[in-house]
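Have the structure open while you read.

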Amino acid sequence: MSAAPTAARIYDAVIIGSGHNGLVCANYLARRGMKVAVLERRAVIGGAAVTEEIAPGFRASIFSYLMSLLHPRIIRDFELPRHGLTVLPCSDMISSVSYDDYILFSEDMKKTQESFAKFSQHDAEIYPAFDAYLQEATKIVRSLLWETPVDPSKRDWRSFRESASFLWKYRKIGRKMYRLVDLLTMSAYDYLCEWFEDDRVMACLAYYASIGTFAGPKSPGSAYVIMHHIMGEHEGAGGWGFIKGGMGAITQALAASAREKGVEIFTEAAVGEIRVRDGRATEVVTASGNIFRARVIASGVNAKTVYLNMLPESVVPAEVLREARGYRTFSTAFKMNIACERPPQYRILEKAKTDGSLGNFPYPTYCHIAPDIDYLERAYDDAKHGWYSSEPFMTLCTPTIVDDTLAPPGKHVVNVFGGHAPYTLKNGDWTTEKEKFKKTVLQSIDNYAPGFSGDIIAEQTLVPPDLEAIVGLPQGHIFHGELAADQLFFQRPVSGYADYRTPVKGLYLCGSSSHPGGGVSGIPGHNAAREILADVKARRV
């Protein structure tokens, strides 16, 4: 039986989803005087940037663990520190290359070189040149993050003017363009082989190419993902950092800023459909039958869900539907949130302390388990053939070393992120395999930190179907779609509609499936708001 119709609530803009991008977009629109509503499917706001209880007295960042990409511009624009955002330091990254040795990867060039030199003097000496080379390419991409992708296929005057303006703006890139082509087309391994000789050193860098993407270090195009993970420019902890109170403090601060501007945020308001009249989006209807009417509707929800589930098929061009169906979101990332008596006691812990590698930290808060290139590639091989990795690569974060708000005194929270655990298993099912997979993960940790599994008080294991079910990540993909050459810039999420607009007038995309992609940056939300405000000013909405 359908719900009785209700009177429509009227706004200037309705944002679907209260993830960080949706809240950033809402803030920018409200700052310009628009009356804005945000609709959140869950009872808690924040999307994938949330802090929730995993055991009595233990709270954890459930999905996103570290802050790196949230841009200083957004932090300043909304005065997020005034609303509770506090960035805490994170130790230099330590990566086990065996049970008894490690590589230290630091912002301090000299420290990193000294660590590389243990395995290759050549790699230590070449590293500054490599870093400078990569940073030059990264500088270009950082500026591209803020651009609205042009559509090179259009031939109208407005599109020609925008394309010409874009080309002129970046006319001085010159031969550096080829560096971007290399990153977009080469495998991480081939890219790094041009500089380094030791597989353990290369694995320290290639590790980032496997995070959140269904690829191995030897997969073509994986080099770009290395750069995506080092593009952060945030202030306060140098490159990477923890957020006091967990990653949910980011979205809580954004929500507080939005409410100050009059934004109304509705929880448990799952969207059932977007109604379209005469080619224009006019209303959002929730599953419970509530109607929200607005001249602007922006979705932080992934593009596939919008195009394939929320809109009537008749209003979406066939080519857009085809590309939306083919947009690759197959995920192999998993997460495990652990409440424990003590953090992992790594075999290399005492050596790292003796070496002075921990600096002012009593414990390494940020660790990788991926000894060499072959380890990373084997983890991918398992997933490539339809099964979870027998020896997964993993990032282990222990925020409670610096944040005493997440666990009872003397206890700890450990966040584990890794790969690969395919969204679907060949000849298997997660309902029966999840427990076995959990044991595989814990055994892999125990290999490097003996006895850790015995210190666990409670744990939460999340495989891709869980990530999709809980926060709507498409097939569990943390970036809302692969970061591949054919799914970036003017082809993200579909060609012809990469400028945050859609074929339906008044309907925009402001989430991670739009340029520049995933990560807690807020830039898709910022860019979408800019285009919406431009259309409002030009009376195109």
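His480 sits in the loop between helix 16 and strand 18. Keep in mind that this is a predicted model. Is His480 buried or exposed? With a relative accessible area of 11%, His480 falls under the 20% cut-off, so His480 counts as buried. Its backbone is worth a look too: phi of His480 is near 60°, a positive value in a residue other than glycine.

Gln475 lies in that loop as well, between helix 16 (464–471) and strand 18. Gln475 isn't a glycine either, yet its phi is positive, about 55°. Most residues other than glycine have a negative phi, and most peptide bonds are trans.

On to the cis bonds. One runs from Gly419 to His420, and His420 belongs to the loop between strand 16 (412–419) and helix 15. Another joins His515 and Pro516, with Pro516 placed in the loop between strand 18 (507–509) and helix 17 (523–537). Here are the omega values:

| Cis peptide bond | Omega |
|---|---|
| Gly419 to His420 | near 10° |
| His515 to Pro516 | about 5° |

Now for the side chains. Lys434 is part of helix 15 (residues 430–448), and it counts as partly exposed because its relative accessibility is 25%. What does Lys434 touch, leaving aside its neighbours within four places in sequence? The contacts are Thr461 and Asp466. Thr461 is 27 residues away in sequence, with 8.2 Å between the C-alpha atoms of Lys434 and Thr461. As for Asp466, its side chain makes a polar contact of 2.8 Å with the side chain of Lys434.

Methods. Residues are numbered from 1 along each chain as its sequence is written. This is a predicted model: local features need pLDDT of at least 70, side-chain atom pairs count only at pLDDT 80 or more; totals for chains, interfaces and linings use all residues. Side-chain values use heavy atoms; hydrogens and water are left out. Helices (H or I, at least four residues) and strands (E, at least two) are DSSP runs, numbered from the N terminus. Buried means under 20% relative accessible area, exposed over 50%, partly exposed in between (1.4 Å probe, protein chains only). Contact means heavy atoms within 4.5 Å. A polar contact is a pair of N or O atoms within 3.5 Å; within protein, one must be able to donate a hydrogen and the other to accept it, and residues adjacent in sequence count only if both atoms are side-chain atoms.
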